[in-house]
Amino acid sequence: MAQTHRPLPTLTELLELASVVSLPLNTRFRGVDVREAVILRGPEGATEFSPFIEYSDAEAVAWLAGAIDFGWQPTPDLLRDRIAVNATLPAVGESDVSAVLDRYPGCRTIKVKVAERGQSLDDDIARVRAAREYLGSEGRIRLDANGGWNVDEAEHAIHALAEFDLEYVEQPCASVDDLWEIRQRVKYMGIPVAADESVRKVDDPLDVARRGAADLLVIKAQPLGGIHSALDIVRRAGLPVVVSSALDTSIGIAMGAHLAACIPNLEYDCGLATAALLAADVTAEPLIPVNGSIAVVRPLLDESLVQQQLASDERDVWWRERLERVYALLVSSTESTGRHAATSSTSTLAPIGNAAT
C-alpha cells in the first residue's frame, strides 16, 4: 500500500492538542510510583509522547517522532487483530508475586525484572521461583536485567536462574560488547539473549544484530521513531522480535499493538500488557489482557478521565517546555535530512539479514 505522509504538525498545533497526565501505578516500577505522559490528539487518533524523565532532549526526539507518526500518519496494513502478551513482574518481594500476576488473566508468559539496584541475586531467585510456581511447568519465564549486570555477574546469575526453564534473558549487560561476550558464554545452555536498550538507546539500532550480540530484539515503537521506522529496523535486522511497551498509557500500548500487528512473523508473546500496572488510565476501555491477549484497537480518550488525571500546573509547564525543546530538535533533524524524521532514522542502514550466528 502506498504511504502518503502528512506534513509535520506545527508546535502550536501540538501544544493546543496536548494534555499532560499523571497516572499512579499499582506497583512501583522502574523506581517510580507515577507515570507522566503527554497525550496528543492527531487526525489519526490519540497518541502519546512519554520519554522517561531522565532521558535527554536529544534522546526524546525519537519518542516525539513516534508520537507524531502514530497520530498523524496512517498505519500500515494490519496482519492480525489480537496480540498475545506477557505479564510483567516488577522487582517485588516473593510474597507479592501472586497479587501482581493476578492482574494478567490468561497470560502464559511472565517477564521478571531482575538485577534491581539495592537487591541481591537471592532476591531475584526468590522472585523467579515464585513466578515459576505461579505458572506451573508449562508457562514461559523470561528475565529482564535492564543492563544491570557485568559479564561475570550475568553469567553467574543465568547459571543460578537456569533451573527455572528460561525462555530468554533480556539485556543482561549494558554494552553491545558485553552482550556479545555473555551470549558466547551461555550459548551452550540454550538460553537466548535479547537486546532492548542496545537497540533503542544507541545511534545505530542494528549494530547489535550486525555484530551477532543477540538472538532476538525487543522493539518499542515510540523510542524507535514510530511504527514505520520500527518496521524498517525489524526488516533489516533479520532476527525474531518481541514488541514491548515503555510503561505507556493505553494510548501508547495501542501504538505498540499496531506495530506488532504489522509484523509478519511474531514468534514470541509481546510485552504489551503493562497497562495492568497502572491504577488509572485515560480511556474507559484500557488495553489490559483478556485470555492472555490484547485487541489491536485505538482506544477512545475519555475526556473526563483525562481531566481527572491532569498533572499539576508545575509538571504541565515542565512537559510543555520539554515538548517545545524536543520539537525544535525534531524540526532541525527533519530539515537536515530533507525527509520526515519519523521514517528516516534507519533509511541509510543496509540490510544485514540474520547476522546473529
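Let's start with cavities: there are two of them of 30 Å³ or more in this structure. By cavity I mean a set of points, on a 1 Å grid over the protein atoms alone, where a 1.4 Å probe fits but cannot get out. A volume is the space filled by probe spheres set on the points, with grid points joined across faces, edges and corners. Please keep in mind that this is a predicted model, where local features need pLDDT of at least 70, side-chain atom pairs count only at pLDDT 80 or more, and totals for chains, interfaces and linings use all residues. Residues are numbered from 1 along each chain as its sequence is written, and side-chain values use heavy atoms, with hydrogens and water left out.

The largest cavity holds about 160 Å³. Its lining has 20 residues, and those closest to the centre are Phe-29, Lys-111, Lys-113, Lys-220 and Ser-245. A lining residue is one with an atom within 4 Å of a point. Strand 6 and helix 7 each give at least two residues to that lining. Helices (H or I, at least four residues) and strands (E, at least two) are DSSP runs, numbered from the N terminus. By class, this lining divides into five nonpolar, seven polar and eight charged residues. For those classes, Ala, Val, Leu, Ile, Met, Phe, Trp, Tyr, Cys and Pro count as nonpolar, Asp, Glu, Lys and Arg as charged, and the others, Gly among them, as polar.

The second largest cavity has about 60 Å³ of space.

Thr-274 sits in the loop between helix 10 and strand 12, and it is buried, at 5% relative accessible area. Leaving aside residues up to four places away in sequence, Thr-274 touches Thr-88, Ser-245, Leu-247, Asp-248 and Ile-253. A contact here means heavy atoms within 4.5 Å. Val-290 is in the loop between helix 10 (250–262) and strand 12 (293–295) as well, but Val-290 is partly exposed, at 48% relative accessibility.

Now the open space. A pocket is an open set of points with protein on both sides within 12 Å along at least five of seven lines. The largest pocket has about 720 Å³ of space. It is lined by 31 residues, and Arg-30, Gly-31, Glu-54, Glu-116 and Asn-146 lie nearest its centre. Strand 1 (18–29), strand 2 (32–42) and helix 7 (197–200) each supply at least two lining residues, with strand 2 giving the largest share, four residues. The pocket lining has 14 nonpolar, six polar and 11 charged residues.

Next, helix 4, which covers residues 121–135 and reaches 21 Å from its first C-alpha to its last, close to the expected 21 Å. Among its buried residues are Asp-124, Ile-125, Arg-127, Val-128 and Leu-135. What do they pack against? The partners are strand 5 (87–89), helix 3 (97–101), strand 6 (109–113), strand 7 (140–144) and helix 5 (151–161). Gly-136 follows helix 4, with a positive phi near 90 degrees.

Last, the cysteines. How many disulfides are there? A disulfide is a pair of cysteine sulfur atoms within 2.5 Å, and a search of the whole structure finds zero. Cys-262 is in no disulfide either, with the Cys-270 sulfur, the nearest, 12 Å away. Cys-107 is buried at 9% relative accessible area, and Cys-262 is buried at 8%.

How values were computed:
Buried < 20%, exposed > 50% of the residue type's maximum accessible area, 1.4 Å probe, protein only. Expected span 1.5 Å × (residues − 1).
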